[in-house]
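Dear colleague,

I am passing on the structure we spoke about, together with some notes on what came out of going through it. Please look at the coordinates alongside the text below.

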Amino acid sequence: MDPKDQPVIPTERRHHLAFAVVTILYWTSLYTYVPILSPYLLEELKVGAAAAGIILGVYGFVQILLRLPLGIWSDRLRRRRPFIALGMLTGALSCLLFTLGDHPGWAFAGRALSGICASTWVAFTVLYAAYFPRKDVQRAMSAISFLIVVGQLIGMGLSGWLAEARGSAATFYAGAVAGAIGLLLAAFVKEPAGGVARNPMRLADVGVVVRSGTLLRVSTLSILAHSVLFITMFGFTPSYATSTLGATRWELSLLSFAFMVPHAFAQLYSGRWIAPRIGAWRTILVGFAVSGLCTLAIPFATTLPALYATQAINGLAQGLHFPLLLALAIQGVAAEKQATAMGFYQAAYAAGMFAGPFAAGWINEIGGLNAGFWLGGGTALASVAVTVWFASIASRRAATNA
């Protein structure tokens with residue numbers, strides 16, 4: 001039988017179930033407090049917008065530093081489960097740090113530790129891919145993408161209800177509990193005692209994989225896309241909802257659902273249905289254009305239903321380009337270099353998670369919350385021009401190679 005038809009790690013249904021539960025708990029722990037984080041910083045801790053931007057952005061900054069090194073370390077040890085356990089442990093501890101006091105330093109430390117947690121994600125993806133035959137890796141990534149959304153939705157759904165009923169601290173404790181349970185269940189995630197060998201990621205390979213230019217261009221677009229995402233829904237949009245429109249903590253959860261449900265459907269169908277009909281680059285362009293307009297529309301939303309509408313369309317638009325950028329990141333990269341390409345790509349887009357809220361925080365300090373949305377909308381619309389430029393390069397190269 002062709003080795004491509006056999007999984008690297010033979011598994012049973014219970015192994016997939018254990019991995020799915022741990023993955024859901026991982027993302028639940030990371031996102032339980034996200035919808036209330038910026039209101040918590042600005043309204044409860046009374047930090048300035050610039051300081052809030054730094055606290056929000058340190059999550060991405062830590063990932064810039066650690067994503068690729070952790071992936072290389074995991075490859076050299078040939079082990080994934082210890083890094084999964086590390087992710088669950090740091091996720092739980094990061095939530096607990098928020099509960100230690102009302103000094104902004106605890107929030108900064110908690111968000112930084114959550115960046116370490118998020119940096120372990122590469123171990124999850126590599127291990128789960130090994131549960132499938134090589135020819136079914138795309139199916140594995142689709143399944144794990146669904147688990148991400150499930151965990152995020154559970155966490156964000158709990159956030160508003162818990163904060164409304166028990167206060168902000170309850171969301172942090174819930175995230176810690178989810179992380180602790182996930183840490184215990186990580187022992188049931190299947191991995192052979194000696195680990196699984198594969199060609200390791202190496203820093204020396206990064207220069208090789210970016211020479212074609214495609215990875216570098218796609219990573220640039222992903223930095224811009226994540227900047228917009230972490231300025232808006234995972235940044236300051238919840239603060240706009242509470243400070244300007246008087247949203248309750250429960251209504252922040254509704255805002256999260258308004259964004260995340262269309263976002264999930266768009267990610268599911270973007271590569272399967274939309275891109276094959278109008279092309280990947282056009283789909284990415286449409287995503288940036290609509291996202292930019294929706295972000296610019298936020299300051300004009302004078303009611304919560306209007307804000308929900310902007311975020312539903314924004315979630316749909318941003319869901320169009322994320323899966324396509326992910327696919328383009330390894331398109332044309334030799335199989336033995338794809339892990340390095342993915343490690344570079346993930347470390348690169350973490351720069352957007354940092355730069356977006358960091359820049360928006362300083363601008364908000366000067367011009368108020370609306371100024372940050374002008375920045376986010378302008379970034380998305382500028383990305384349209386960058387996409388056109390990169391698409392023309394890809395078209396010329398395709399014509400040359402034809």
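Predicted model: local features only at pLDDT ≥ 70, side-chain atom pairs only at ≥ 80, totals over all residues.

If residues up to four places away in sequence are set aside, Tyr31 touches Tyr59, Gln152, Gly155, Met156, Phe230 and Phe234.

As for the cysteines, the count of disulfides comes to zero. For Cys95, the closest cysteine sulfur is that of Cys117, and because the two sulfur atoms are 8.2 Å apart, they are too far from each other for a bond, the cut-off for a disulfide being a sulfur pair within 2.5 Å. Cys95 counts as buried, with a relative accessibility of 0%, and Cys117 is buried as well, at a relative accessible area of 1%.

Finally, Thr303 is placed in the loop that runs between helix 12 (280-297) and helix 13 (304-330). With a relative accessibility of 39%, Thr303 counts as partly exposed. Between Thr303 and Pro7, which are 296 residues apart along the chain, the separation of the C-alpha atoms is 51 Å.

Methods. Residues numbered from 1 in each chain as written. Heavy atoms only, no water. Contact = heavy atoms within 4.5 Å. Buried < 20%, exposed > 50% of the residue type's maximum accessible area, 1.4 Å probe, protein only. Helix = DSSP H or I, 4+ residues; strand = E, 2+ residues; numbered from the N terminus.
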